[in-house]
Amino acid sequence: MPPQALWGYNFGVSILEGINSPEDIRKLSVKELYQLASEIRETLIDVTSRNGGHLGPSPGVVELTIALHYIYDSPRDKIIWDVGHQAYAHKLLTGRRERFHTLRQLNGISGFTKPEESPHDPFGAGHASTAISAALGMAIARDMMGEDYHIIAVVGDGALTGGMAMEALNHGGHLQKRILLVLNDNERSIAENVGGLSNYLAKLSANKLYNRVKDDIRELLNSIPDNLITRKAKTVAWKVKESLKNLMIPTVIFEELGWRYLGPVNGHDLDQLIDILEHIKYFTDGPVVLHVITQKGKGYEPAMRDPERFHGTGPFVKESGEPLKKPSSPSYSEVYGSAVLRAAEADERVVAITAAMCLGTGLAGFRERFPERLFDVGIAEQHAVTFSAAMAMSGLIPFCTIYSTFLQRAFDQIIHDVALQRAPVRFGLDRAGLVGDDGPTHHGSFDIAYLRMVPNMVVMAPKDEDELADMVWTMLHYESGPISVRYPRGSGPGVPIKDEPEIIPVGRWEIVKPGSDLAILATGSMVYPALSAASELEKEGVSAEVINARFIKPMDEELLLALAEGGPSLWITVEEGVLAGGFGSGVAEFLEEKGLMGKVRVRRLGIPDQFITHGTRDELLRMIGLDSQGILEAVKETLWQKKGARAVARPKRRS
Ligand SMILES: Cc1ncc(C[n+]2csc(CCOP(=O)(O)OP(=O)(O)O)c2C)c(N)n1
């Protein structure tokens with residue numbers, strides 16, 4: 001019976017509710033496993049419709065997840081999910097069912113795999129293309145320590161475009177360790193997958209002759225009762241099938257690299273999956289690739305229709321798939337995307353580069369308008385940066401647009417290929433600061449620190465949408481070297497955007513509110529909360545100057561000197577980035593260099609030296625004191641501590 005026909009199968013009682021660990025799955029019949037799959041899908045749709053999340057990746061691998069847990073013995077055997085965004089079914093089956101409704105919420109379970117959450121998550125993830133390296137490292141440890149367990153890495157065809165995955169494939173062929181790489185091929189990254197490799201995978205899965213012969217052999221084997229066929233005969237049949245494959249598919253890249261290639265198999269057909277996984281578990285040694293074909297969003301019509309939008313979604317109406325709340329103002333990503341599009345209209349040398357995040361970075365409009373000038377390089381941030389550097393060195397104007405957290409991957413390329421040769425790459429760092437429910441793997445906490453230390457680099461952060469548009473315009477016209485702008489996730493204060501953008505003089509700050517008792521030097525997303533704190537202080541008779549430190553590098557030294565010489569002697573710096581090596585550190589370094597340390601007391605506010613959990617952006621900002629109330633309290637506390645400061649009410653500590 002084809003699996004689709006079984007989806008509606010219902011035995012009247014919930015099977016999922018009886019699954020407390022993978023052991024419970026092994027007690028079920030295949031028919032019951034299909035019902036389990038359908039219940040899991042319902043739960044995934046239900047919870048993500050309320051909490052948001054990755055609805056696309058997880059429904060696509062429901063049968064695969066069930067089959068893996070049916071055959072392998074987790075947590076003894078290690079299942080490593082690349083990215084970890086497709087592991088929702090895995091979470092449901094590994095003791096996290098009762099907490100699943102807390103997915104991605106503060107104090108709830110994470111949207112990614114996380115060892116501290118469960119022994120069934122042997123390796124944490126969030127960034128792509130790490131699973132094969134992790135599996136190989138684990139295999140070496142297993143063998144050196146004389147242990148015996150199976151290691152399975154589940155990697156998407158998108159993640160396979162990442163350099164790390166390629167490096168590990170190469171190394172894995174050399175090491176010849178027993179690991180299984182399940183290649184989950186849904187022909188998509190977030191958008192359609194790109195490149196020669198994805199074309200090649202499509203050819204592999206479309207090899208009709210091979211697939212037919214393979215299915216015939218399988219059917220033949222299955223038609224013989226188990227008591228009439230020995231394991232040995234089954235193995236011989238498998239070998240015949242393998243030899244046929246090698247005849248019909250001239251070069252299987254994986255095999256050339258030293259991996260045994262099996263598949264492709266239908267990833268929604270539990271019988272087939274169980275059959276082949278069993279074979280792999282008992283009859284193969286060394287590195288094996290199992291090519292599994294799945295459909296993204298399987299079972300949820302809106303996600304199958306628009307997998308790009310549902311890859312990662314906010315809460316939505318279950319029946320229609322429509323977003324639950326429509327933002328009242330355009331997101332920073334959209335503002336950035338429109339500004340880059342405007343730059344492209346003004347100058348035909350402008351090109352945009354994305355590493356598999358076209359929609360997320362607001363470049364979908366650019367893709368539509370100038371498809372030949374938009375380069376999606378796949379999940380390949382390092383390549384994206386060096387590729388952009390060469391474009392810049394050769395006369396183009398590249399806007400290399402990458403989430404802050406993923407640009408971490410390309411740190412050396414930024415230094416070696418961009419900054420060292422002053423290549424005028426324009427960097428757009430989306431989702432800089434806390435991203436909210438995706439949590440610590442995705443927070444853009446480090447970019448101020450990792451960019452401001454690089455010589456020749458300009459680092460900007462806008463206070464609002466209009467300033468972001470001006471900054472993109474400034475980037476278009478800046479040719480002396482690399483220049484970057486960081487902006488947060490979601491919407492800003494919602495200010496109107498001028499018809500004509502303006503160039504901002506590089507290194508020039510802005511005094512947004514004058515004051516005499518203290519100065520708040522805020523950057524980017526922290527300027528408006530600093531202004532609110534300042535107006536509260538005003539009510540208590542404290543006059544705070546608020547400075548929009550829109551250039552983190554170079555800083556406005558003229559303004560800083562004037563402030564140190566004639567302004568208030570208490571400075572509060574505020575940034576949505578790590579304190580270590582951040583903007584506040586830059587201010588302190590400046591004072592030290594100029595011998596002004598004795599004149600000014602600096603208190604730095606920012607992300608403390610710890611990984612911040614998941615939750616809504618507002619909750620997290622509040623938690624670490626980066627909202628207006630937190631700034632207000634920090635100012636009062638500092639004033640209260642400062643010898644000789646004017647009397648202010650002692651701040652109450654927030655729990
Ligand atoms: C280094 C890095 N860059 C970008 C991303 C954002 N991202 C998350 S999932 C994904 C697509 C992954 O595609 P694939 O591996 O095929 O898995 P699928 O979502 O199709 O199941 C991308 C680009 C990431 N997690 N890590």
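Modeller: Let us go through the terms one at a time.

Modeller: A note before we start: this is a predicted model, in which local features need pLDDT of at least 70 and side-chain atom pairs count only at pLDDT 80 or more, while totals for chains, interfaces and linings use all residues. Residues are numbered from 1 along each chain as its sequence is written, and side-chain values use heavy atoms, with hydrogens and water left out.

Biologist: How many helices and strands are there in the protein chain?

Modeller: The protein chain has 27 helices and 17 strands. Both are DSSP runs, numbered from the N terminus: helices are H or I with at least four residues, and strands are E with at least two.

Biologist: Why is S484 called buried?

Modeller: Buried means under 20% relative accessible area, exposed means over 50%, and partly exposed is in between (1.4 Å probe, protein chains only). S484 has a relative accessible area of 1%, so S484 is buried. This residue is found in strand β11. Leaving aside residues up to four places away in sequence, S484 touches F427, L429, L451, M457, V458, V459, M460 and M475. Contact here means heavy atoms within 4.5 Å.

Biologist: And what does S480 count as, with 42% relative accessibility?

Modeller: S480 counts as partly exposed, because its relative accessibility is 42%. S480 lies in the loop between α22 (465-477) and β11. S480 and P424 are 56 residues apart in sequence, yet their C-alpha atoms are 6.4 Å apart in space.

Biologist: What makes strand β13 "mostly covered"?

Modeller: In β13 (residues 518-522), five of its five residues are buried. L518, I520 and A522 point one way, A519 and L521 point the other way, and all are buried. For the protein chain, buried residues make up 59% of the 655 residues.

Biologist: How do you know that β13 and β14 pair?

Modeller: Two strands pair if DSSP finds at least two bridges between them. Five bridges join β13 to β14 (residues 544-548), and the two run parallel. For example, I520 has V546 in β14 as its bridge partner. Strands of a sheet pair through backbone hydrogen bonds, either parallel or antiparallel.

Biologist: What makes β7 and β15 edge strands?

Modeller: Seven strands form an open sheet in the order β7-β6-β8-β9-β11-β10-β15, with mixed pairing. β7 (374-376) and β15 (551-553) each pair on one side only, and they are the edge strands. From one strand to the next, the twist averages 20°. Helix α16 (residues 332-346) packs on the sheet, touching β6 (350-354), β8 (397-403), β9 (426-430) and β11, and its direction makes about 170° with that of β8. Elsewhere in the sheet, β10 (residues 458-460) and β11 (residues 483-486) pair in the parallel sense over three bridges, and V458 stands opposite I483.

Biologist: Why are α23 and α27 called oblique?

Modeller: Two packed helices are described by the angle between their axes and the distance between the axes. The axes are lines fitted to C-alpha atoms, for helices over the stretch in contact, and angles run from 0 to 180 degrees between N-to-C directions. Angles under 35 degrees count as roughly parallel, over 145 as roughly antiparallel, 65 to 115 as roughly perpendicular and the rest as oblique. Helices α23 (residues 527-539) and α27 (residues 628-641) pack at about 55°, with axes 8 Å apart. They are therefore oblique to each other.

Biologist: Which residues of α23 and α27 meet?

Modeller: P529, A530, S532, A533, E536 and L537 in α23 meet S628, I631, L632, V635 and K636 in α27. The residues of this contact divide into seven nonpolar, two polar and two charged. Ala, Val, Leu, Ile, Met, Phe, Trp, Tyr, Cys and Pro count as nonpolar, Asp, Glu, Lys and Arg as charged, and the others, Gly among them, as polar.

Biologist: What is the relation between α5 and α13?

Modeller: α5 (residues 62-71) and α13 (residues 270-283) pack at about 40°, with axes 9 Å apart. These two helices are therefore oblique to each other.
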